[in-house]
Amino acid sequence: MITRRKMLMLLPAAAFAWKYVLAGTPEMASNYNRSEHWWGMLLDIDKCIGCGNCVRGCATENNVPEGYFRTWVERYHVPGWRQETPQVDSPNGGKDGFPPSTAVGGKNFFVPKMCNHCAESPCTQVCPVGATFESPDGVVLVDETYCLGCRYCIQACPYGCRFLHPTKHTAEKCSLCYHRITKGLTTACCENCPTGARQLADLKNPADPIHEFLKTHSVQVLKPYLATGAKAFYHDIDGSVR
Amino acid sequence: MCVCCASRHNVATCSIPCATRNRARGWPTEPDGVHVSKFKDAGHLVRLAIACAIVLVVFLLVRAYFIPKTFGEYGHYRGAALSELSSKPLAYAGHKACEDCHADVLEVKKAGKHAGVNCEACHGPLAKHAEEPASMVPQLPETAVLCARCHEENIAKPKTFPQVASTQHSGGVVCKTCHVPHSPLLQPGDKKS
């Protein structure tokens with residue numbers, strides 16, 4: 001028979017056991033600590049070969065509908081010295097690769113594009129309901145169960161990285177494969193990039209090689225004059241890229 | 001003539017509180033003439049307060065019903081969205097999962113030019129295979145299509161990247177006839193003169 005004394009002695013043990021019961025829930029089972037990370041991406045123009053593996057990988061991983069892109073690749077042709085008028089093409093977002101170029105001379109290169117996961121993102125500032133937000137680990141995400149589909153964020157993004165999902169009618173964008181990076185994996189685009197042109201960067205992790213790279217290489221973010229705090233760092237990017 | 005406001009109406013019906021009118025109505029008057037019965041209509045105020053309280057309670061109930069429990073946990077958004085987004089299923093298992101079982105391929109790959117190319121970049125999404133190998137057997141990729149995706153000549157590709165015009169390079173012979181995809185560089189003896 002359990003006496004009152006025994007019961008009182010069992011209570012701390014029960015409390016201790018309950019902690020492990022709670023640990024069984026997905027939220028607490030993960031050893032991922034959001035406050036220890038600050039995610040970004042390094043995109044190396046010198047390494048991009050325009051194979052479209054990143055676009056296909058992203059579409060498969062995230063069920064991106066056909067004709068829409070969370071990431072895409074652009075081909076630039078800058079014929080002369082004027083940076084204002086580059087010729088840019090991106091057939092099907094580069095998903096099927098690129099046909100042979102008809103361009104002759106000038107500068108020619110591929111530019112992978114994606115959400116810049118801005119620290120001061122214009123898209124989250126305009127959301128009227130708090131459906132899009134910057135996570136504690138620096139990823140701009142969309143809560144599709146809360147999104148009204150008002151499209152304000154799509155208009156506000158200066159990089160054109162958002163679209164309205166054709167069937168869900170909610171805003172869609174690159175989530176930096178949040179379901180992967182929180183499990184210790186890299187993003188689908190990085191996983192699929194054969195040349196290492198894309199590299200996931202943890203700006204809070206001192207062991208991440210990104211720190212050494214950013215210190216020793218010339219990098220630039222897109223549209224720096226907008227002060228969006230973009231975290232997609234481009235290496236060796238030409239001034240013609242917008 | 002009202003003695004209070006000098007209007008034509010009776011002092012008893014005058015709306016301006018004053019000692020004269022109070023006296024006319026038979027109400028008590030304080031020495032300074034302040035209307036002591038100023039809480040005469042306190043019933044209205046009580047009704048107003050009750051109405052406000054009901055509106056407030058209804059507002060709080062409606063707010064509690066419509067705003068998700070975790071809203072505001074980390075910021076101006078639904079905190080539970082973070083765990084929902086991170087619990088989505090994987091399509092690509094990641095190269096570590098492949099290398100755990102296929103160490104022999106890794107050895108070949110590490111020695112070759114494709115050391116930096118992850119398995120699923122060519123073999124496709126294989127998270128299901130990594131979870132339960134028998135449930136999904138990966139198909140061998142078609143090298144004639146696969147290799148050209150990266151190595152077909154294009155002016156926009158970096159100059160240092162190995163590129164070929166496939167029709168001239170092989171004359172239609174599929175790549176794996178000469179190249180081993182996991183370590184594609186031909187041995188010195190294999191090279192055509």
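Colleague: Let's start with the sheet in chain A. How many strands does the open sheet have, and in which order?

Modeller: The general idea first: strands of a sheet pair through backbone hydrogen bonds, either parallel or antiparallel. Strands here are DSSP runs of E with at least two residues, helices are runs of H or I with at least four residues, and both are numbered from the N terminus. Two strands count as paired if DSSP finds at least two bridges between them. In this predicted model, the open sheet has four strands in the order β9-β1-β11-β10 (chain A), with mixed pairing. β9 (198-202) and β10 (219-220) of chain A stand at the edges with a single partner strand each, so one side of each has no neighbour in the sheet.

Colleague: Before we go on, what should I know about the numbering and the cut-offs for a predicted model?

Modeller: Residues are numbered from 1 along each chain as its sequence is written, while chains are lettered from A and ligands numbered from 1 in the order in which they are written. Because this is a predicted model, local features need pLDDT of at least 70 and side-chain atom pairs count only at pLDDT 80 or more, whereas totals for chains, interfaces and linings use all residues; side-chain values use heavy atoms, with hydrogens and water left out.

Colleague: Okay, back to β1(A). How many bridges join β1(A) to β9(A), and do the two run parallel or antiparallel?

Modeller: Five bridges join β1 (residues 39-44) of chain A to β9(A), and the two run antiparallel. A:W39 stands opposite A:D202 in β9(A), and A:L43 has A:R198 as its bridge partner there. With β11 (residues 232-235) of chain A, β1(A) has four bridges, and that pair runs parallel. In β11(A), A:Y234 stands opposite A:L43.

Colleague: Which residues of β1(A) point one way, and which the other?

Modeller: A:W39, A:M41 and A:L43 point one way, with A:G40, A:L42 and A:D44 pointing the other way. Six of the six residues of β1(A) are buried. Buried means under 20% relative accessible area, exposed means over 50%, and partly exposed is in between (1.4 Å probe, protein chains only).

Colleague: Which residues touch the most other members of the largest nonpolar core?

Modeller: In soluble globular proteins, nonpolar side chains tend to be buried together. A nonpolar core is a set of buried Ala, Val, Leu, Ile, Met, Phe, Trp, Tyr and Cys residues joined through side-chain atoms within 4.5 Å. The largest one here has 51 residues, and A:L176 and A:Y178 touch the most other members. Leaving aside residues up to four places away in sequence, A:L176 touches residues including A:W39, A:G40 and A:M41, along with A:V139 and A:L200. Apart from that core lies another, of seven residues, with A:C123 and A:A171 among them.

Colleague: Now a helix. How many residues of α3(A) are buried?

Modeller: An α-helix has 3.6 residues a turn, so residues three or four places apart point the same way. In α3 (residues 53-62) of chain A, nine of the 10 residues are buried, including A:N53, A:R56 and A:E61. The buried residues of α3(A) pack against several elements of chain A, including β2 (72-78) and β9, and against α6 (119-123) and α8 (143-151) of chain B. After α3(A) comes A:N63, with a positive phi near 50°.

Colleague: And the interface: how many residues of chain A are in contact with chain B?

Modeller: Contact means heavy atoms within 4.5 Å. By that rule, 46 residues of chain A are in contact with 35 residues of chain B. Buried area is the accessible area (1.4 Å probe) that two parts lose on being put together, summed over both. Here that area is about 3,300 Å², and carbon and sulfur atoms give 59% of it.

Colleague: Which side chains meet in a salt bridge?

Modeller: A salt bridge is a side-chain nitrogen of Lys or Arg within 4 Å of a carboxyl oxygen of Asp or Glu. The count between chain A and chain B is one, with the side chains of A:D143 and B:R78 meeting at 2.7 Å, N to O. α3(A) gives the most to the side of chain A that touches chain B, with five residues.

Colleague: Lastly, how many helices and strands does chain B have?

Modeller: Chain B has nine helices and zero strands, and 23% of its 193 residues count as buried.
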